[in-house]
Each structure stands twice: as structure tokens, then as C-alpha cells.
Amino acid sequence: MKALFFLVASVTVCLLLGPIIMPLSISFSSVETISFPPKGFTLRWFYNIFEYETFVNGFVSSSIIALTASFLSIILSLPPSYTLYRYKGFKIKGFIENFFMLPMLIPEIVLSYLLLIFVYHTLKITSLFSLIIGHTLIVLPYAMRVIYASISNLGVDIEDAAVSLGQSRVAAFFDIILPNIKQGFVGGFLTCFMVSFNAVSISLFLSFGESIPLPVAMLNYLQIRYDPTIAAISTLLVAFSAILSISVERIVGLVSWVR
Amino acid sequence: MEVKSGRVKVYLLPLPSLIFILVFLLLSLLYVIFYTPNFLQTFIETIAKEDFFYVFLRTIRVGLIVVFGATLLAYPLTYYVNSSSSSVKTFFKIIVFLPLMVNPIVRSYGWIIILGREGLINTLLSYLNLTVEPLRLLYTEFAMELGLLELFFPFMFIPLLSSMENLSNEVIMAAKSLGASGLRVFFNIIFPLTLKGYLTGLTVILAGCASAYVTPTLLGGFRNRTLSMLLYEYIEIRFDWGAATATALVILFTVIAVNLFFTKLGDYLVKR
Amino acid sequence: MQKKLLAAVIVAIVIVGAGYWYYQTYLLPPPPPRTIYVSHWGFGWDQIKKIVIEPFESKYNVKIVLISGTTSERFTKLTTKAEPVPDVIFLPDYYTYQAQQKGLLIKLDLSKISNYEKVYKVLRDQIPKSLAEYGVPFTIQDLALAYRTDRHSKISSWKDMWRDDFKGKVLMPTITATSGPMALVMTSLAYGGSIEDVEPGFKALEALKKDIVTFYSRSSDPQTLFERGEVEIAPVLRYNWAPLKNLSVPVDIVYPVEGSLYVLNMISVVNGSKNIDLAYKLIDFWLSTEIQKNLALAGVDAPINSEVSLPSDHPFNISPVFNNKPLYLNPEVLAKNLKSWVDAWKSRVEG
């Protein structure tokens, strides 16, 4: 029995980690094609990344979009979370909770198409803002989950105490509630950032010109060449994600959303 | 606690956020449908095409195969992890969580390195003299399923594991002490009690396979198109907005139908 | 006191006026060069820039801006009048035909293009009358077969793609690539059909289906797939030849005995352009003997100017096309049938 489990475990580990380790391994290879095993050692693929304007621009675009989308989604999550937390007996509470999960129900690629027609072509909103709208929509459920959970865990007593001591509700919100959900705030922000940064499908149809996000720039490059430059970018991205996660771990504790 | 009405009615607070979702999600959906002239006719024309039928069938088939693969791996693994020490548990939780931090392009690229004719598997096989010629592994449905399995496995593992954690060990012990064989224990006890988690995972996988674009494109190619690849094709290559809307709706309906069906199924089976 | 004030004001106005006039006449920077937008595939643009664009820009004091993309992307942008609207557009002839049918191109006065006479007469004469005044051919795209010479014995026929040693290693274009319909027609011709009757072509391709690895849509796919060893034979257009011969694996290009099917790539001027005079000059420049020769030597496009002579083994020497059995794919026929062919291909071949 133990042997079976061991087999399944190793297969799973290989399955999950294999595709991530492979690009790392060939990013230093001096062979131009994506063959395995890698031969030689060179850093030229890393230099190549910076030769291509689109990759650097892509990183900047992706970061701007992710930061804005995360920020917006958290802001948009705060009022509803507060309302739901205050009104335990609110009749349409369940409805609102589910409403915020709607973006998870719509496939990213479908949403990208909808926004292309409605937001980009009809409302004539620029590519960058269309992307921000799209990314905000897809991270909203994540933000909502974290913020709502954090506020709920506070318990109404704290706020009631402050109000009974004379503070207005608004002041109480900023003085009492916000500081106490700092962990959730930061954790939620970072989760949203990671999800947005890595989201590809939502950006597929909305990327034009200057504001092409990094994943789309990588896809476009793959149409032209398969050399290890993409592997080099992958290595950098994995390092980037690792650094972000470790920061999250330090501030909040990773375990909280490995539910 | 009494509701005091302040200067801002508290129940109006969620409004801006709700409007945001309403406008950009639902309104855009309605707009796109009405934007197409002759929508009903175009819709029927699109889904009546033979080409569409093959793609739809393939998407479902791929989804089911990936679910099968995930089930095969997830059940033994979650059972094993659940009955292990907490450090093993944490280890697996991290391993499963890690790939989610990496974007699907990188992961598909990794698969290309593994499955290509000059890749890991072929090099290994020829080194061991097991094959004369490199095998054709890429641009097949198999490659696509493998990629999707890797992509969605965490979404089966995590809910199933939490269901497993809720399983009381005593029930299993009791059943075993009463003489039930491993298989019976599984079907009569483990499976029903972890059903909720399993169905959650299954739903995510099926919905995901219908909507994933990057992995099927890079690993399957034009020969093995899925619904989302067809959507992309109508938009960027064939420039047929009507057909694109129809395809988008089919993907949407499929995802919603899968969600509804398995939620209802789960509720029904739990009652039994 | 008031008179002095008035005098001062008048003097001030005169000085300011004089200064302004002086500035306008002598100090203002020269007007920016005119900008013309060119819609092109973008393939080989680095070379094109050096050979054609930069000399043209400095000669006529213009700035040329490239709008790049695949044929279908740019064609759709043209039909939807997406900004920026190009002045000049490069398309394969059967797309030029469709654009002309939609009234998107201006009728050209070919007498204003001095180098038009130098285009091979046999090619010029084949262009349908309706198309000839709307697009000027600047290169020929003929279809040939590329294959791995180290793994296979010589090939000579289009039907060699169905040979046993190529099983599971064939690359085909997708129907929406320029070479897609050409591959379909070529297959029909090889298997007893014609340009109009492509049913034999479909049947043969259906038989080949399981051996086709994938379908390419982008210009650079053939190179990357051959390089990675994923495919070992493919129909390719002339613009792929030079890159294919420069890979780390040995690839050769062969003209099939059934004939050399070709389309002409054309330059057209877009309706509504405000730079028609410059457009004419650009077209004439592109067709000139020197430019055509340099583009060929740089491995960009085969020369359509009959005055250009290249060494006989040069990949862009097109005399073998004339010797082989040149088959012009009539753009009118192609444009008319394209939609039904796409639908049929998508279900029967790409399934």
C-alpha cells in the first residue's frame, strides 16, 4: 500500500513541478533551440530580454495593471464587506455574496471578448483602461473573499464600543476597522496582484500597442521564435513570484489561503 | 444591534461595486448579443457547422479525460497526505500551491521542453535505446490533456483534501475492523463523505478545460482545437463577430450548466 | 503726456510685429516631413528598412510608418477603417481583389509608374483586368516543398508528402494563411482536380490528416517547427526559403513536378489617402531595378522586375518557376471560393 502512495506522490510531484523546473534549466543553455538536456552556459538569453522593448514595456504594463486592479478591487470590496458585516440579518446577504463571485463564473476569455466589443470598440475606452477594468473584474472575487473574511472576524463589538464612546461611524471605520484588517488588506492585495499579473486570457483581445502586458508579449514572441529567451523570462518571473510570496509569508502567513 | 441611519445609508454602500459588476459584466454580455444583427440565425448557423460539433465534442472529451486523470491521482494522494504528519501535509500543500504562482505560458513552455522531439522524454527514451525515432508527443490531444491536468490538479487536490480532513478517522477504522476490504471502504465511506470536495474539484476542472486558451493552443495546435481556441480563431483570424459571440455564449452556457448540475447533484447525493 | 504714450504703444506694436514676422520667416523650424503609413506583413522589415525605406525617406523628405500584421488582420483593419488608416497597403492579390470589390482602393494610373513596364510581361498579362489597375505586383509568391534532406531521399512530386517515410511528420498551412488555399489547389491539381474543382484535394488531405502534425499560420512557424525536428516536410512560400536554408538542420526546397503555383503580392493605394503622389513614388521606387535586386540579394523578396539578373543558384532566381510549369492562381476565382473552402477545410481537414 505504501508503495502505491509513494508512486502516486512522486508522479504528482513530477507532474506539478516538472514544467516549472524545465524552463529554469534551459535558461542558461547556449543551445538556441529548446532541446533537453541543456548544453553550455550563457547569460545571453537574459540580456536578450532587455533588448526587446516589448518585454520591458510588458513588465511595466503588467505591473501597472496589476497594481491598479488590486487597489480598485480592494476599494470596491470594502463597502459591501462592511455592510454585510453590520447587517447579519440582511435578507439579500447571500445574493450579494454570490453576486461578487459572478466574475469567477464567466470564463476569462469570454470576458475578454465582451469587453473588447463593449468597452474598447463601443465606449472607446483605451486599451490600458479596458485591461484595468477586465483585471479588476477577475480579481474582485479574491479581494472580496479576503476582505469580507477579515472584517467578519473582527466582531461588531469593537466598532460598537467606539461608537458608544462618541466616535462617528465613519471615523470608527477608518480608526478602528481598517487598521485591524491590515493583514487581510495586505494579503488580499498581494493575492490580487499575483492573480492579475499571471492572468493571460483576459488580456488576449484587449492588448494593443503600448499597453501589451507581459504574458501577451511572451505569447507574441513565441509565434516568432522558440529560443530560451522565454525560459529566461520564466526564470525571472518565478524568482519574482517567490520574492513576493516570501514577503506575504512574512507579513501575513502563507497558510491562511492554502485553506 | 440597532441600525442607526447615518448620513450615508449603509445599505447603499455596496451600490458602486454592484454597479461596476453589473455594467461591465452583465450589460456588456447583453450588449454583445444585441449588437449582432440577426443574432438567433447566426447562432444557429454557427453551432450547426460540422466543425463546431467536432470542437465541442473534443472539449467535453478532453475535460472528462482530465477529470479522470485528476481523480486517479488526487484520491490516493489526499488520503495518504491526510493520514500523514503535519510536516508532510504542509509540504504537499506548498508543492500543490507553487504552480499557481507561475503563469500558464511558462508551464506550457515547460511541457514543450519535456514533450518535444528534442525534449526530455524523447532524449531519455533514445538514450535508453527504447526508441529508434523520436515520438510525436506534442501537438496531440494527449499533450493538451497533460498540460491541463497539471494546470487544474491543484483545484481538485485542495477541496478534496479539506473534505478528507473532515472525515473522522474512526469511521474508517470501524469499517475496517468490521471486515470491509479497502475497496468497500472507499466506495461506501470515503467517496460519499468526500463527495462535496470532489464535485467542487470536478466542476472547476470541467469549466476550466472549456475556457483555457494558452495551454491547448501551445500544446495541441490547430489540429486539436477546443472551444476557446475556436473563439480566438473567430475573433483574430476569421473576423466573424457573429460566430464569435455564438461561441462565447456556448462556452458560457457550458460553464454555467456544469456548475449548476454538479451543485445540484452534490446536494441530492448528500441527502441520500 | 498722452501723445508720448501713444507713440510708445505704436512703436511697441511695430517692434513686436516685426519680430513676429522675422521669426515666422527665418527662425521657425522647417515643417515636419510628411508622414505616410504603410501596411505590410513586417516580415524582413529590418532589411526592407535599410534598402528601401531609409533611402526613400531621405530622398523625398517623408517619414514612413509601418503598420504590421498578418494579411487577414490588416485586411480587416482596412475594412473597418481602423486608425491609423494606411496610405499604401501590401496584400496578396486575392486580398487586393477583395479590397477592390469593397471600393477600398483607388484606381491607379499605371502610366505614372515608370517601372511597371519592367515587370515580367507574362506575369503582368495574367492579372485579371478588374484587378490590374488597383494593385501593382512587386513580388511573386510561389509554392514549393521544403524537406529534411538528411532523413529522406529526394522528393520531386507534390504527392511525396503522402510517402510512407513522411508519416507523422507533415506540416500544412492553415486555410487562412496565404499558402493555405494554394496548398488545397495544388493538392487538387496533383490528384486530378482543378482550381475550380477542389474535391479531389479535400479527399487527399483527409487521407493525410493523421500524418499532419499541425497547421501553421504565422510566417515564422515553418522555420521553428523544422528546427525543433517536429516536422520534416512542408509546403512553403518563397519568403520562407532563405530562412529555411539557414537552419541548423539541412533543409532543401524543391519545385514539385505538378507545377509551380503562385500568387502575386501587390501594392495598392488606399481610397482616401492624402498622399497619393508620394504613394505613386513609393511604388515606382519599390519596383525599380536596383531596389528589386537589393531586396532579392538580402533574402527578402523575389524580383519581379525582368531587368534583375541573379546567379542561377540563388534562392530568389525565379527563372525555374517559368521553366517548371507556372500556374497562376486566379485571384478572382480564389476570392469567390474562399469562404466555402474555409468552412469545408475547418471541418474536413482540421476537424
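Predicted model: local features only at pLDDT ≥ 70, side-chain atom pairs only at ≥ 80, totals over all residues.
Residues are numbered from 1 along each chain as its sequence is written, while chains are lettered from A and ligands numbered from 1 in the order in which they are written. Local features need pLDDT of at least 70 and side-chain atom pairs count only at pLDDT 80 or more, whereas totals for chains, interfaces and linings use all residues.

**Chains A and B**

- Between these two chains, 65 residues of chain B are in contact with 66 residues of chain A, where contact requires C-beta atoms, placed from the backbone, to lie within 7 Å.
- Helix H1 (residues 15–35) of chain B gives the largest share of the side that touches chain A, namely twelve residues; helices (H or I, at least four residues) and strands (E, at least two) are DSSP runs, numbered from the N terminus.
- That side of chain B has 49 nonpolar, twelve polar and four charged residues, with Ala, Val, Leu, Ile, Met, Phe, Trp, Tyr, Cys and Pro counted as nonpolar, Asp, Glu, Lys and Arg as charged, and the others, Gly among them, as polar.

- Leaving aside neighbours within four places in sequence, Ala70(B) is in contact with residues including Leu149(B), Phe152(B) and Ile205(B).

**Domains of chain C**

- Chain C is divided into domain 1 (34–140 + 262–319) and domain 2 (141–261 + 332–348), with bounds that come from an automatic or database domain assignment.
- The contact between these domains takes 18 residues from domain 1 of chain C and 17 residues from domain 2 of chain C.
- Helix H3 (71–79), helix H4 (93–101), strand E4 (136–148) and strand E9 (260–269) of chain C each supply at least two residues of the side of domain 1 that touches domain 2.
- By class, that side of domain 1 of chain C has eleven nonpolar, six polar and one charged residues.
- The C-alpha centres of the two domains of chain C lie 26 Å apart.
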